[in-house]
Amino acid sequence: THNPVVGIHRLREPQAKPDGKSPEIIQRVFAAFEMRVRAQNRGWKTLARLRVIALTGMRHSQVMRLEPDHVYVNHDPPYVMVADPGKDGEPHTKPLTPDGVAAFRLFAAVEAWGEFSQSAVYKSWKLACGDADVPFFNPYKLRHSYATALRAQGMDLADVQELMGHKSAKTTQRYAMVAPKKLAAAARLLHDAWHPSVDRGAKTGTE
């Protein structure tokens, strides 16, 4: 019998675009998450793990393989070493913000090291989204949100690639269009190039 699709190559699926959530949305969910944990006095390890993921962009599998000697919260500057980058990644370090340091201090205090159930993380995050009145999104999106926030603040793709541990720049290219502050800065530079004397006069009070 004749097969009409013989010889037709399957089209390559387009690469998924990053679906990062804003820091404001993520903070709302975490506030609800912590309120639930404090009320029930359980779930501290899950809370700590998710905070680390959100503030470092680490994969769940990378967090599972963390060891105490990978984390340097008292170093100047503080950082975490991702020694086991997983698929298509490179070993790398991530500098920590004060919030990141606090997340790791909680992580160590509740002894959140080792493997954990991703389904339990998923369930807890879903409950927190409901409590925060935020449409549910997969907690893995916290990694995308980390990279998206870096780009939105104007960080170069090469630096985002390093912080994400991407082996290929093509992987990081997904975040190329998420840099409004960088584009605004470029527009200001263009303006300065066209009106250098006007700008200098405005700054000095002369023409």
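**Basis of the model**

Contact means heavy atoms within 4.5 Å. The structure is a predicted model, in which local features need pLDDT of at least 70, side-chain atom pairs count only at pLDDT 80 or more, and totals for chains, interfaces and linings use all residues. Residues are numbered from 1 along each chain as its sequence is written, and side-chain values use heavy atoms, with hydrogens and water left out.

**Confidence**

The average pLDDT (the predictor's confidence in each residue, from 0 to 100) is 85 for the protein, and 83% of the residues score at least 70.

**Nonpolar cores**

A nonpolar core is a set of buried (under 20% relative accessible area, 1.4 Å probe, protein chains only) Ala, Val, Leu, Ile, Met, Phe, Trp, Tyr and Cys residues joined through side-chain atoms within 4.5 Å. The largest has 35 residues, and F104, W125 and L142 have the most contacts inside it. Two or more residues of this core come from each of α1 (23-40), α2 (44-56), α3 (60-64), β2 (79-82), α4 (98-109) and α5 (118-131); helices (H or I, at least four residues) and strands (E, at least two) are DSSP runs, numbered from the N terminus.

Leaving aside residues up to four places away in sequence, L142 touches I26, F30, L50, I53, A54, W125 and F137. A second, separate core of seven residues includes Y146, A147, V160 and Y175.

**Packing of α1 and α2**

The axes of α1 and α2 (lines fitted to C-alpha atoms over the stretch in contact, with angles from 0 to 180 degrees between N-to-C directions) come within 10 Å and cross at roughly 160°. The two helices are therefore roughly antiparallel (over 145 degrees) to each other. F30, F33, E34, V37 and R38 of α1 make the contact with W44, T46, L47, L50, R51 and A54 of α2.

Technical notes: Buried < 20%, exposed > 50% of the residue type's maximum accessible area, 1.4 Å probe, protein only. Parallel < 35°, antiparallel > 145°, perpendicular 65-115°, else oblique.
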